[in-house]
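Please consult the sequence and structure shown here.

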Amino acid sequence: MLLASRVAIPQRQFTAGARFLEGYVQTPSSEAERARSLALLMLPKRATKSEIEAFLQKAGVDIKRMQLRLDRFTFHNDTICFVELANEKQAQDAANRLNGKILLEKSVTVSTPLKDGFVWKQGWQPDSETSGSRYFLHEDDAAPHEAIKPLLEGRRVMFSVMTPGWGDGITSTRQKASREILHKHLDKYGIEAISGLSPFLGDKRPSPRLLCFIDFETKEGATSAMEALHETEIEGRKVWIKPSEIAPWRAHHFGKVNQSVLATLQEKGLAPQELNEDLFIKQKSQGKTNDTKTRKPKRKPKVQVEKVE
């Protein structure tokens, strides 16, 4: 009998009322489970759970369990998904039929079995790079609603900095320097989690640029940080800290993931009523072929960098 190993998460990461975030459970997989499961790699980050399920249904599979992580700030997936099917034959047939097929204009790698030591996870996964968890496992409707609590409670802010920001050299070095500076100057206000950091690529002249979103443990902490640091200078760069705003295309994606989440945000006046489809998706979709076809990878594809918002 397999026993779930529970990993305790420090209480300071979350608000007192967030019982959903109190624990994180890992369950070791059996050899039989790994044999009847799929690993989907290189997923388009904007693909939702329902779109991934529809992609898998093309192979006529019976989905028993899906492990998909979503970013709490963007509701994007982390490009990896694990799926348990009814039996080993279904998994092998699905991998043969779907590997290399196109989902949202991107070729997806589908393989089986899963590697030895794979564990099934539940809850909000700890993130070693931030004070709290940036990702949640999209298991049911409760998790997306928990993810928007910082917005509803006024605890999420937008942090912008004068370009070229902090640090030198490659993107990862600049992001590391920025994250260290953020923690150095904002930890005292009670950081719960920090979003991915937008790299400053190609900025030739000084201008304000959105660096990231930050969730604080309390509304008071967020308010204090804004009052103390908005339009001040940190480590030689002017910064702006404002209440988080949801762009029309971001709200559109929230609705794709969970319509109830979007309705809640709109009801509270936090999301616009008029929505726009993500321009990135529109540009990628123009003149493209049906997504059931297999596409050979192009040589030296252009790198598209998306702003954090």
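In this predicted model, pLDDT (the predictor's confidence in each residue, from 0 to 100) stays under 50 over residues 287-309. The two segments below are listed with their contacts (heavy atoms within 4.5 Å).

| Segment | pLDDT | Contacts beyond four places in sequence |
|---|---|---|
| Residues 287-309 | under 50 | 46 |
| Residues 1-21 | under 50 | 47 |

Where pLDDT is low, the predicted coordinates should not be read in detail. For the protein, the mean pLDDT is 84, and 78% of residues reach 70 or more.

Residues are numbered from 1 along each chain as its sequence is written. Local features need pLDDT of at least 70 and side-chain atom pairs 80 or more, whereas totals for chains, interfaces and linings use all residues; side-chain values use heavy atoms, without hydrogens and water.

Helix 9 spans residues 259-267; helices are DSSP runs of H or I, at least four residues, numbered from the N terminus. Val261, Leu262, Leu265 and Gln266 are buried there (under 20% relative accessible area, 1.4 Å probe, protein chains only). These buried residues fall within an arc of 130° seen down the axis, so they line one face of helix 9; the arc is taken from the directions from the helix axis to the C-beta atoms. They pack against helix 4 (142-147), helix 5 (149-152) and helix 8 (248-257). On the other side, Gln259 and Glu267 are exposed (over 50%).

At the start of helix 9, a side-chain oxygen of Asn258 lies within 3.0 Å of the backbone nitrogen of Ser260. Just after the helix, Gly269 adopts a positive phi of about 75°.

The structure holds 0 disulfides (pairs of cysteine sulfur atoms within 2.5 Å). Cys81 is buried at 0% relative accessible area, and Cys212 is buried at 0% relative accessibility.

Key
Helix = DSSP H or I, 4+ residues; strand = E, 2+ residues; numbered from the N terminus. Polar contact = N/O pair within 3.5 Å; in protein donor to acceptor, adjacent residues only side chain to side chain.
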